[in-house]
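Subject: Handover of a structure and the findings on it

Dear colleague,

Please find below the structure that I am handing over to you. My notes on it follow directly after.

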Amino acid sequence: MSLQSPINEQGSGMKGKAVVITGGASGIGYAAAKRFAQEGACVVIADYNVEAGRLAVERIQTELGLQLEGKVIFVQTDVSVEESVSALMEAAMTQFGAIDVLINNAGITRDAMLLKMSTEQWQDVININLNGVYYCTRYAAPHMAARGKGKIINTSSIVGLQGNIGQTNYAAAKAGLIGMTRTWSRELGYKGISVNAVAPGFIETEMVAKMPGKVLEGMRAKVPLRRLGTPADVAETYLFLASDAADYINGAVIEVNGGLSI
Ligand code: NAI
């Protein structure tokens, strides 16, 4: 397997950069953690799930066949708890001495139609998908500002742009996150920090696997490219936005959805 990035002949410029990926233990986050490790980045997998987090570090090492000792670490984190996020960023600084890239990728769904949605379903999604992004950025950005550079990537969704039946809570969080992205791109730009969002369509991960087969088939047929996305499709977009090639992109929302409208 080539370790050279397809981005340009010099690679993505990620070698030795410290990248914090929330929700990095599975799905899109895992694919991203592996891809950044492949580019020679130092990766912090920040995830709630201890078992999956530890396994992710082992899998990356095995699948890439690289000696990654100390270069890919797991820090158990609940992004919805401020103290946990503060400890995460301290751990990243202690291990790698910098935070070059923050990918706010952790997210959950608790779907229900509005008339059946419980307060708990509403709050769980807002706490993790919206408050979590706020806390992580609030605690990572000062470290980036102190060095005059950094890249923040927020994971929105096609649902944040278009809405979706049964996802009031998720749509609110994913749309809110776009508002924060645009605000932070203005607030932090002059400190050398760029902030962008990625809005995936339907990507084949456990989150989507929970959907009924018939719904999935219908979804596939609606995508102009006639396939669902893969975690790697999104990971490549994260890598591009984190790379030197994207240095002048700030405040953008990149859709990765095969052309889908829902
Ligand atoms: P996933 O369910 O496979 O992975 C999410 C990860 O986040 C898990 O490892 C989980 O343990 C972790 N997590 C959950 N709560 C957490 C918390 N409080 N603190 C820290 N980590 C926590 O999900 P997937 O599909 O990889 O999604 C990743 C991101 O992409 C999410 O933000 C999701 O909303 C977004 N997205 C996914 C789409 C899809 O079709 N799969 C489409 C559009 C957006």
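Is Cys136 buried or exposed? Cys136 is buried, with a relative accessible area of 1%, where buried stands for under 20%, exposed for over 50% and partly exposed for what lies in between (1.4 Å probe, protein chains only).

Before the other findings, a word on the basis. This is a predicted model, in which local features need pLDDT of at least 70 and side-chain atom pairs count only at pLDDT 80 or more, while totals for chains, interfaces and linings use all residues. Residues are numbered from 1 along each chain as its sequence is written, and side-chain values use heavy atoms, with hydrogens and water left out.

Cysteines

The structure contains zero disulfides, a disulfide being a pair of cysteine sulfur atoms within 2.5 Å. For Cys136, the closest cysteine sulfur is that of Cys42, at 19 Å, which is too far for a bond. Cys42 counts as buried, at 11% relative accessibility.

Nonpolar cores

A nonpolar core is a set of buried Ala, Val, Leu, Ile, Met, Phe, Trp, Tyr and Cys residues joined through side-chain atoms within 4.5 Å. The largest one has 45 residues, and Val44, Met89 and Leu102 have the most contacts inside it. Helix α4 (residues 119–147) gives the most to this core, namely nine residues; helices (H or I, at least four residues) and strands (E, at least two) are DSSP runs, numbered from the N terminus. Apart from this core lies another, of 34 residues, including Ile21, Leu64, Ile103 and Leu241.

Residues up to four places away in sequence aside, Val44 touches Val19, Val20, Ile21, Ile73, Val75, Leu88, Ala92 and Phe96, contact meaning heavy atoms within 4.5 Å.

Val72 belongs to strand β3 (residues 72–76) and is buried, at 5% relative accessibility. With neighbours within four places in sequence left aside, Val72 is in contact with Ala37, Val43, Ile45, Val57 and Ile60. Between Val72 and Thr168 there are 36 Å in space, C-alpha to C-alpha, and 96 residues in sequence.

Aromatic rings

The count comes to one aromatic pair; rings of Phe, Tyr and Trp (its six-membered ring) pair if their centres lie within 6.5 Å, and planes under 30 degrees apart count as stacked, over 60 as edge-to-face and the rest as tilted. The pair is tilted, because the rings of Tyr134 and Tyr135 have their planes at 55°, with their centres 5.8 Å apart. Tyr134 is partly exposed, with a relative accessible area of 40%, whereas Tyr135 counts as buried at 18%.

Arg59 lies over the face of Tyr30, 4.1 Å from the ring centre. The rule for such a charge over a ring asks for NZ of Lys or CZ of Arg within 6 Å of the ring centre and within 35 degrees of the ring normal.

Two further residues

Arg226 is in the loop between α8 (213–222) and α9 (231–242). Although Arg226 is not a glycine, it has a positive phi of about 60°, and it is exposed, with a relative accessible area of 55%.

Asn257 lies in the segment after β7 (253–256) and counts as buried, at 13% relative accessibility. Neighbours within four places in sequence aside, Asn257 is in contact with Ile158, Pro200, Gly201 and Val223.

With kind regards
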